[in-house]
Amino acid sequence: MIILRSSNRLVSASHSRLVTATTTSSIGYRNLPTSRRTFVSFSRSRKQTQDSSSASSKPSLRRDPGLTFTSVISDPKEVPGPEGIPSRSRQVQLLQSGDIQYDVLVIGGGATGAGCALDAAARGLTVACVERGDFASETSSRSTKLIWAGIRYMATATAALLNPSLFIKPIVTVQDFLGEMKMVLNCHNERRYMIDTQKHLCHWIPIAVPFTSWHVSPAPMGHWLFGFFPVLAPVVFKMYDALSAFTCPPSYIMTPSRTKTAFPTMATENLKYCAVFYEAQHNDSRTNLAIAMSAAEKGAHIANYVEITNLIQDSSGTVTGAHAVDRMTGKSFAIRAKKIILAGGPFTDDLRQMEAGEHNPAVRGASGTHIVLPGYFTPPGMGMLDYNTSDGRFLFILPWLGHTLIGTTDKKTPAETMQNPPEDEIEWLLNESKKYLSPDLKIRRSDVLSAWRGWRPLAADPHAPPGAPVSRDHVISENPETGVLFIAGGKWTTWREMAQEVVDRVANGTKCSTLGIKLHGGEGYEGNLAIQLIQKYDGMAQDIAEHLVATYGSRALDVCELSQSGQVTHVSGKRLLDGFPYIDSEVVYATREYACTIEDVLSRRTRLAYLDKDAAVKAIPQVADIMGRELGWSKKVKEQQILAARSYIESYAGRTPANTAQNTEDAPTPQAA
Ligand SMILES: Cc1cc2nc3c(=O)[nH]c(=O)nc-3n(C[C@H](O)[C@H](O)[C@H](O)COP(=O)(O)OP(=O)(O)OC[C@H]3O[C@@H](n4cnc5c(N)ncnc54)[C@H](O)[C@@H]3O)c2cc1C
């Protein structure tokens, strides 16, 4: 007997209408727990569950608000993949074929899931990895864009050590401290790996911490020690450098007058000095895509817009595969695998519900909002950290892609797909930033070009025996009844380490090789590539050349070749919009890198929607024309794609507040083809 478990919220295969159906409790099926937001329930016939091919006609889809907007059934025409990488169509064909029992099926294509796919494929395992939206469409595109080594964790670990508990429970307290410091050390190692091996994706960024008094009262982070941070900071940052074995650029201090030169927009009136330390910065969605493409290059069958709808269990309860639906065609199919890893980020519990029915939640969401302002609020090469905001949260003000990125907040709320950043958080970020910016500068609500929200997955192990040590970071847990593993929590910084740990669990005895892998675009990359592009492509604008290299690494040449080969009309690519370095041949290249919707291009393949909501809306028609031509969209599909992109981008806040529709039921839904 095969037991099929699914969630009971669903949308029709066409993603346009809600399908009304009933829940069955016949033998072989179980009544299913109600999801947080129930739309309607649906169940399959026994025949459908046993015959994977016939499971195709009426998939039961669990999704979150937002996905109904972005997935328009468009039956995209096959376009080739990037050189050396199969096309998306080919990947879906392979996943659909049913010929393979994979060693591992990874569910989720964020940083964690794509990382697992890469690690496992590089060990020679057969790997399937599916992502229901675009790669990085959830948390992994909404981070603060830092590959950080954990200055805050180092501080809290030290504070926890210098506490009365050191005398009451010395062994436990020291063990806790060492555990926390080990995590910080791992972050340093991972940051070094990203900076050294993935030069095309990451760079150093100095971050200034301004001090306006020598003692802070009340002490930040609830510990007397931090009251003295203004005097201790230079030493603390040197210790931080030491944890990287001094391989990072050295921390230093700036006098008020030096600060005025290096960071002209910072308020210096009461400034005593600034301590400056370094972290790494990246374009998170690009790094995620590079990981996914590298996994494909290593042989993983990986595809975006393929959603897992149910897990398949054998009579002993072991999960042996999953039902999936290709959201671009509506076709359902089964994927068989020996081991299954859930990497659903803040949505991991939704996946666990498919596997284990009622369960103790393992993942809580904590939402974080960012705002983006024009670039002139920060110097291009330096950011700022406020470690002592009005409510104790850290606040970063960073230059990013020619703009100013300010974030983040932290609020425990269940995860959603749509951005809908709350207005009060935007106001909070603006008010906190004002304190540090020169009084002659106005920072106004209308300066907010874009704002978005992401959900951090905070994880706890539901299968840990009582008294087991609590994880400080990510959690890897295996359900002993079903054999399914999940991995959740952690940080962008530790994606590689997390993948290594979980794949070690499913492929004991094989050796992880990701430390030696240069991600997609890293092969043959070297520092002067932007100049070479300018010289090769006859006067290409410098900002375009620099943007292409920072985004695609050595693959920037492939992007330019698309212009040269006449597939787009302008020799070195035509700007999508004045004032941005994005060019039309990038849209063509994005379709090769599996972009399926206009929103993919505007939110993650370029970052237009993240940088400037109004600009993203303006670019929709042009992106639609290029994608429509490449992917063979009918007129109707193109119209639906445009509507879907507009609806989704409405959920970002811009100069005006976001569309605050809290779920898809409140908002217009594009019709299926
Ligand atoms: C506001 C904020 C700022 C942050 N800043 C930083 C930072 O600066 N540095 C840092 O190191 N970390 C940062 N983090 C943490 C970091 O972003 C996350 O730890 C990381 O992105 C989590 O990746 P993930 O793959 O686990 O989750 P996600 O990126 O959410 O990926 C999970 C994926 O699973 C998919 N999925 C779910 N259900 C299904 C299904 N049924 N079928 C197929 N796919 C499915 C989802 O669509 C999703 O794409 C930040 C987090 C937040 C929220």
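The chain folds into 21 helices and 19 strands, where helices (H or I, at least four residues) and strands (E, at least two) are DSSP runs numbered from the N terminus. The structure is a predicted model, in which local features need pLDDT of at least 70, side-chain atom pairs count only at pLDDT 80 or more, and totals for chains, interfaces and linings use all residues. Residues are numbered from 1 along each chain as its sequence is written.

Confidence is expressed as pLDDT, the predictor's confidence in each residue, from 0 to 100. Its mean over the chain is 84, and 84% of the residues reach 70 or more. Over residues 1-65, however, the pLDDT is below 50, although this stretch has 139 contacts in the model beyond near neighbours in sequence; two residues are in contact if their C-beta atoms, placed from the backbone, lie within 7 Å. Residues 661-673 also stay under 50, and the model has 32 contacts for them beyond four places in sequence.

Of the 673 residues in the chain, 55% are buried. A residue is buried if 20 or more other C-beta atoms lie within 10 Å of its own, exposed if 12 or fewer, and partly exposed in between, with C-beta atoms placed from the backbone. Among contacts with a separation of 6 or more, 72% join residues 24 or more positions apart.

Apart from neighbours within four places in sequence, Ile341 is in contact with Val104, Val106, Cys116, Leu485, Ile487, Val502 and Val506.

Helix α5 (residues 151-161) has Ile151, Met154, Ala155 and Ala157 as its buried residues. Seen down the helix axis, these residues fall within an arc of 165°, so they line one face of α5; the arc is that of the directions from the helix axis to the C-beta atoms. The cover over the buried residues of α5 includes α7 (170-197), α8 and β7 (273-282).

The ligand is surrounded by 39 residues, the closest being Gly108, Gly110, Gly345, Gly368 and Lys491; a residue is near a molecule or strand if its C-beta atom, placed from the backbone, lies within 6 Å of it. The elements that give two or more residues to this shell are α4 (111-122), β9 (306-313) and β17 (450-459). The largest share, 4 residues, comes from β17.

Several loops contain backbone features of note. A cis peptide bond joins Ser217 and Pro218, with omega about -5°, and Pro218 is found in the loop between β5 (202-211) and α8 (229-243). The peptide bond from Gly407 to Thr408 is also cis, with omega near 10°; Thr408 is found in the loop between β15 (403-407) and β16 (411-412).

Phe246, in the loop between α8 and β6 (252-254), has a positive phi near 55° in a residue other than glycine. Phe246 counts as exposed because it has 10 C-beta neighbours inside 10 Å. Asn420, in the loop between β16 and α12 (423-434), likewise has a positive phi, near 35°. Asn420 is buried, because 25 other C-beta atoms lie within 10 Å.
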